[in-house]
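Hi,

Here is the structure I promised to pass on.

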Amino acid sequence: MTTVALLALITIPAAAVETITPISEILRNRDMANGRNFCVVGKPVEITEKVGEVTGKRLFRGKIDDGTGRLVLFSYGNFPTVILGETIEVCGRYDKFYFSK
């Protein structure tokens with residue numbers, strides 16, 4: 001069974017105003033973090049973008065690494081273009097999901 005962490009609402013920071021949480025802190029306390037909002041800053045290491053066939057909305061899936069851990073990201077709608085290796089700020093709700101093989 002694999003645990004996947006999810007955040008959404010991708011933003012590019014000008015100057016971070018929100019409290020930034022290290023990914024390792026979220027992953028260390030997954031049950032407490034579940035359903036709460038967080039902001040993390042890191043670099044995207046995987047990106048997949050497409051337009052939904054039914055909704056016509058942009059869909060994003062990727063992974064962000066802040067040097068302390070990695071999170072899987074999902075988002076849809078309007079968001080800035082994300083470039084691999086560019087430092088970004090991601091704010092959104094953490095949801096703990098389990099996928100079985």
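How many disulfides does the structure hold? There is one, where a disulfide means a pair of cysteine sulfur atoms within 2.5 Å. Before the details, please keep in mind that this is a predicted model, in which local features need pLDDT of at least 70, side-chain atom pairs count only at pLDDT 80 or more, and totals for chains, interfaces and linings use all residues. Residues are numbered from 1 along each chain as its sequence is written, and side-chain values use heavy atoms, with hydrogens and water left out.

Back to the disulfide: the partners are Cys39 and Cys91, with an S to S distance of 2.1 Å. Cys39 sits in strand β3 and Cys91 in strand β6, 52 residues apart, so the pair links distant parts of the chain. (Strands are DSSP runs of E with at least two residues, helices are runs of H or I with at least four, and both are numbered from the N terminus.) The torsion about the S-S bond is about 115 degrees, so this disulfide is right-handed. Both Cys39 and Cys91 are buried, buried being under 20% relative accessible area, exposed over 50% and partly exposed in between, with a 1.4 Å probe and protein chains only.

Strand β6 (residues 88–93) is largely enclosed by the rest of the structure, because five of its six residues are buried.

Tyr94 is also worth a look. This residue is in the loop between β6 and β7 (95–99), and its relative accessible area of 0% makes Tyr94 buried. The C-alpha atom of Tyr94 is 5.5 Å from that of Gly35, although 59 residues separate the two along the chain.

As for the chain as a whole, there are two helices and seven strands, in the order β-β-α-α-β-β-β-β-β from the N terminus. The chain has 101 residues, and 34% of them count as buried. Among contacts (heavy atoms within 4.5 Å) with a separation of 6 or more, 66% are between residues 24 or more positions apart. The accessible surface, from the Shrake-Rupley method with a 1.4 Å probe, is about 6300 Å², and carbon and sulfur atoms account for 53% of that.

Best wishes
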